[in-house]
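Good morning, and thank you for coming. Please take a moment to look at the sequence and the structure before I go through some of their features.

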Amino acid sequence: MSQFRFANEMNSLLTLDGPLTKGPVPRWQKKGAENSSIVNCSLNSSKQKSISSLNASTKTPSKCGDGDVLRIKKTPAKTPKAGRSGSPTPNKASKTPGGGDRFIPSRSATNFELGNFKLFQTSETESLSPTNEIQRAMYENLHGGDINNQRILSYQNKAPAAPEGFQNPMRVIYTQTRTPASSKSNNRYIPQAPDRILDAPDIIDDYYLNLVDWNASNMLAVALGPSIYLWNAGTGKIHQLLEMTGNDYVCSVAWIQEGDHLAVGTCTGTVELWDCSQIKRLRIMDGHSARVGSLAWNSYILSSGCRSGQIIHHDVRQRDHNVLTVGNHTQEICGLKWSTDGKYLASGGNDNVLNIWSTAGGNRYSQPQPLYTLTAHQAAVKALAWCPWQPHILASGGGTADRHIRFWNCQTGVCVNSIDTKSQVCSLLWSSNYKEIASGHGFANNQVIIWKYPSMVKAAELTGHTARVLHLAISPDGSTILSAGADETLRLWKCFVKNPVKSKEGVQAKVKTSLLKQSIR
């Protein structure tokens with residue numbers, strides 16, 4: 001019995017190793033069957049949903065069992081994959097044109113091991129640990145090249161190329177070549193409005209007269225009909241110097257270079273000398289037979305030009321003041337100027353002739369015959385001005401029929417430059433602060449023009465006068481010019497103001513040179 005029982009038990013143990021075909025289903029198999037049925041149901045349902053969504057995306061509507069028509073969906077729903085959430089991930093490529101945002105790194109093209117290494121690697125000055133050194137060597141052997149030249153992040157696409165013919169409008173601003181620090185700007189601010197306007201009633205509207213002059217003591221002399229008024233530009237005070245009687249009137253005024261003596265030319269042919277500090281007439285000098293419309297000083301020599309075309313040189317120190325009388329003009333002399341070095345005298349007349357006179361030996365007056373007789377102008381030559389930094393350069397301006405400004409080299413008698421101003425040239429004035437020249441014009445624009453020299457490019461055009469600008473004068477510091485117009489106004493323009501930075505540098509340089517001279521013995 002015992003042997004039979006043992007044999008049955010052994011047979012039962014041997015049968016456990018094979019598959020069980022009889023008996024109840026094990027508990028674990030029951031649970032597995034339930035889970036598989038749930039998965040199959042979910043898969044079937046998802047398939048049905050996808051099929052229904054595909055059917056719904058078609059243009060032909062399908063009918064339900066109740067007979068209702070399904071609405072057409074424009075965007076088909078996506079089927080979530082197994083192992084992910086049911087909510088679909090938005091497609092970025094469908095929203096962003098051009099294949100997605102190129103600034104979002106591509107995970108598939110990014111080497112995260114390299115990025116981690118480069119983020120936590122030590123600086124090149126510090127010694128590398130053995131682990132980092134091994135990683136560097138392995139990367140260089142596998143990928144080639146230096147690890148420092150590799151990028152941490154890789155982007156999907158390169159920057160798109162610009163369309164053909166496209167030009168960046170900002171390129172002009174940001175791609176200009178920078179000027180070196182040593183280069184200086186040629187542009188400066190010139191006010192377009194006058195700093196002050198003064199009334200000048202009864203000023204004579206005569207092209208051939210010279211009725212305004214400004215001296216080194218900041219005193220302005222203006223002839224208004226038979227009277228002369230002195231205006232102190234520093235204090236603003238006005239004094240009447242003289243008033244002529246009868247039909248006599250003032251034709252010209254001129255200050256001596258240094259001092260308060262004023263020369264006055266009258267319509268009767270006399271020249272008066274006044275001491276303006278004492279408001280006293282010193283002497284009357286005659287010799288002319290017609291009105292004296294132009295005056296010019298050369299130290300103690302006063303040159304006067306009259307309507308007959310005659311020039312007289314007066315030595316104001318002597319009792320017999322007439323030292324020389326010359327005549328080469330056939331009509332009225334309306335322009336008369338000595339050069340800054342006192343070597344040349346320029347005279348312009350209504351006969352369209354410009355004469356250049358040189359001094360006689362060591363004297364302050366000119367020779368009897370002109371050095372050059374220039375006939376390039378086609379109208380009266382009134383506007384004359386000598387260059388302050390080139391004493392042998394003369395600028396002359398012609399009247400309405402000429403309208404040209406011409407520059408002469410008085411050492412050779414050659415016209416070095418000429419420009420058509422399109423207007424009558426009434427007066428010229430050089431700037432002592434800048435390499436520029438100002439011109440006052442009559443018909444047809446009645447303006448003041450500032451030119452850059454020698455290019456003769458317009459730096460500014462000052463308008464405001466309603467009649468021709470007859471006279472120009474400059475302040476002692478060279479910063480302000482005064483324009484006297486036939487509209488009976490005097491306008492002051494601050495067009496030659498020095499740059500304060502440059503002027504400060506100039507003062508410092510002068511102080512250094514003076515100290516240097518004191519130290520040398």
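This is a predicted model: local features need pLDDT of at least 70, side-chain atom pairs count only at pLDDT 80 or more; totals for chains, interfaces and linings use all residues.

**The largest pocket and its surroundings**

The lining of the largest pocket divides into 27 nonpolar, 15 polar and five charged residues. Here Ala, Val, Leu, Ile, Met, Phe, Trp, Tyr, Cys and Pro count as nonpolar, Asp, Glu, Lys and Arg as charged, and the others, Gly among them, as polar.

Residues are numbered from 1 along each chain as its sequence is written, and side-chain values use heavy atoms, with hydrogens and water left out.

How is a pocket defined? On a 1 Å grid over the protein atoms alone, a pocket is an open set of points where a 1.4 Å probe fits, with protein on both sides within 12 Å along at least five of seven lines; lining residues have an atom within 4 Å of a point. The volume of the largest pocket is about 1400 Å³, a volume being the space filled by probe spheres set on the points, which are joined across faces, edges and corners. Of its 47 lining residues, Asp213, Trp214, Lys337, Leu429 and Ile474 are the closest to the centre. Elements that give two or more residues to this lining include β6 (250-255) and β22; such strands are DSSP runs of E, at least two residues long, numbered from the N terminus.

Let us take β6 next. Six of its six residues are buried, that is, under 20% relative accessible area, where exposed means over 50% and partly exposed in between, with a 1.4 Å probe and protein chains only. Five bridges pair β6 with β7 (residues 261-266) in the antiparallel sense; two strands pair if DSSP finds at least two bridges between them. Valine 250 stands opposite threonine 266 in β7.

I turn now to β22. An open antiparallel sheet has the order β22-β23-β24-β25, and its edge strands are β22 (425-430) and β25 (457-462).

Tryptophan 389 lies in the loop between β18 and β19, so the pair ties together parts 41 residues apart in sequence. Tryptophan 389 is partly exposed at 31%, whereas tryptophan 430 is buried at 6%.

Definitions and conventions. Helices (H or I, at least four residues) and strands (E, at least two) are DSSP runs, numbered from the N terminus.
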